[in-house]
Amino acid sequence: MENFWTSNKSINGLRHFVLVNETKEKGNITFLMVSAVDSEINLETTYEELINSGNWHKGWIKLPKLQSITEEYVEYKSLKKGEIIDEIFINEDSLFNIS
């Protein structure tokens, strides 16, 4: 599975993501995607959403800065200032597990 993805629309103001975990449970595959810019911005998505929805592009598309890091990101960060950040747990078989 490709590890680097570009969202066709911004997610909390960002568009470049890395697939860090793949979880299989009861026949369903779920992916943990983390922003390449800010690990606080992460999401879980299904195989169907990632591959078949048309919302994601394999690899990182070169975008102008104002399209890859939007004003929405600045607003999101200002709203989250001072909040406790959820931890991200990386699976042992993840390419990003360095422990």
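The following questions and answers walk through the predicted model of this chain, from its elements to single residues.

In this predicted model, local features need pLDDT of at least 70 and side-chain atom pairs count only at pLDDT 80 or more, while totals for chains, interfaces and linings use all residues. Residues are numbered from 1 along each chain as its sequence is written, and side-chain values use heavy atoms, with hydrogens and water left out.

Trainee: In what order do the elements of the chain run from the N terminus on?

Mentor: Helices (H or I, at least four residues) and strands (E, at least two) are taken as DSSP runs and numbered from the N terminus. Read from the N terminus on, the elements run β-β-β-β-α-β-α-α.

Trainee: What share of the residues of the chain count as buried?

Mentor: Buried means under 20% relative accessible area, exposed means over 50%, and partly exposed lies in between, with a 1.4 Å probe and protein chains only. The accessible surface of the chain, from the Shrake-Rupley method with a 1.4 Å probe, comes to about 7,000 Å², of which 51% belongs to carbon and sulfur atoms. Of the 99 residues, the share that counts as buried is 30%.

Trainee: In what order do the strands form the open sheet?

Mentor: Two strands are said to pair if DSSP finds at least two bridges between them. Strand S1 (residues 4-11) pairs with strand S2 (residues 14-25) in the antiparallel sense over 4 bridges, 8 bridges join S2 to strand S3 (residues 28-35), again antiparallel, and S3 pairs with S4 in the antiparallel sense over 5 bridges. The 5 strands form an open sheet in the order S4-S3-S2-S1-S5.

Trainee: Which strands stand at the edges of the sheet?

Mentor: The order of the open sheet is S4-S3-S2-S1-S5, with antiparallel pairing. Each edge strand has a single partner strand, so one side of each is left without a neighbour in the sheet; the strands in question are S4 (42-46) and S5.

Trainee: Which residue in the hairpin of S2 and S3 has a positive phi?

Mentor: The hairpin of S1 and S2 has 2 residues between the strands, and there Asn12 takes a positive phi near 50 degrees. The hairpin of S2 and S3 also has 2 residues between its strands, and the residue in its turn with a positive phi, of about 55 degrees, is Lys26.

Trainee: Is Ser35 buried or exposed?

Mentor: Ser35 lies in strand S3, and a polar atom of its side chain lies 3.2 Å from the backbone nitrogen of Asp38. Leaving aside neighbours within four places in sequence, Ser35 is in contact (heavy atoms within 4.5 Å) with Leu14, His16, Phe17 and Ile41. With a relative accessible area of 6%, Ser35 is buried.

Trainee: How many residues apart in sequence are His57 and His16?

Mentor: His57 lies in strand S5 (residues 56-58) and is partly exposed, with a relative accessible area of 39%. Leaving aside neighbours within four places in sequence, His57 is in contact with Phe4, Trp5, Thr6 and Asn8. His57 and His16 lie 9.7 Å apart in space, C-alpha to C-alpha, and their separation in sequence is 41 residues.

Trainee: How many residues apart in sequence are the parts that Phe4 and Trp60 tie together?

Mentor: Rings of Phe, Tyr and Trp (its six-membered ring) pair if their centres lie within 6.5 Å, with planes under 30 degrees apart counted as stacked, over 60 as edge-to-face and the rest as tilted; the count comes to 3 aromatic pairs. Phe4 and Trp60 form an edge-to-face pair, 4.8 Å centre to centre with 65 degrees between the planes. Phe4 lies in strand S1 and Trp60 in the loop between S5 and helix H2 (65-68), so the parts tied together are apart in sequence by 56 residues.

Trainee: Why is the pair of Phe31 and Tyr47 tilted?

Mentor: The ring centres of Phe31 and Tyr47 are 6.4 Å apart, and the pair is tilted because the planes stand at 40 degrees. Phe31 lies in strand S3 and Tyr47 in helix H1 (residues 47-52). Phe31 counts as buried at 1% relative accessibility, whereas Tyr47 counts as partly exposed at 35%. The angle that makes the pair tilted is thus 40 degrees.

Methods:
A polar contact is a pair of N or O atoms within 3.5 Å; within protein, one must be able to donate a hydrogen and the other to accept it, and residues adjacent in sequence count only if both atoms are side-chain atoms.
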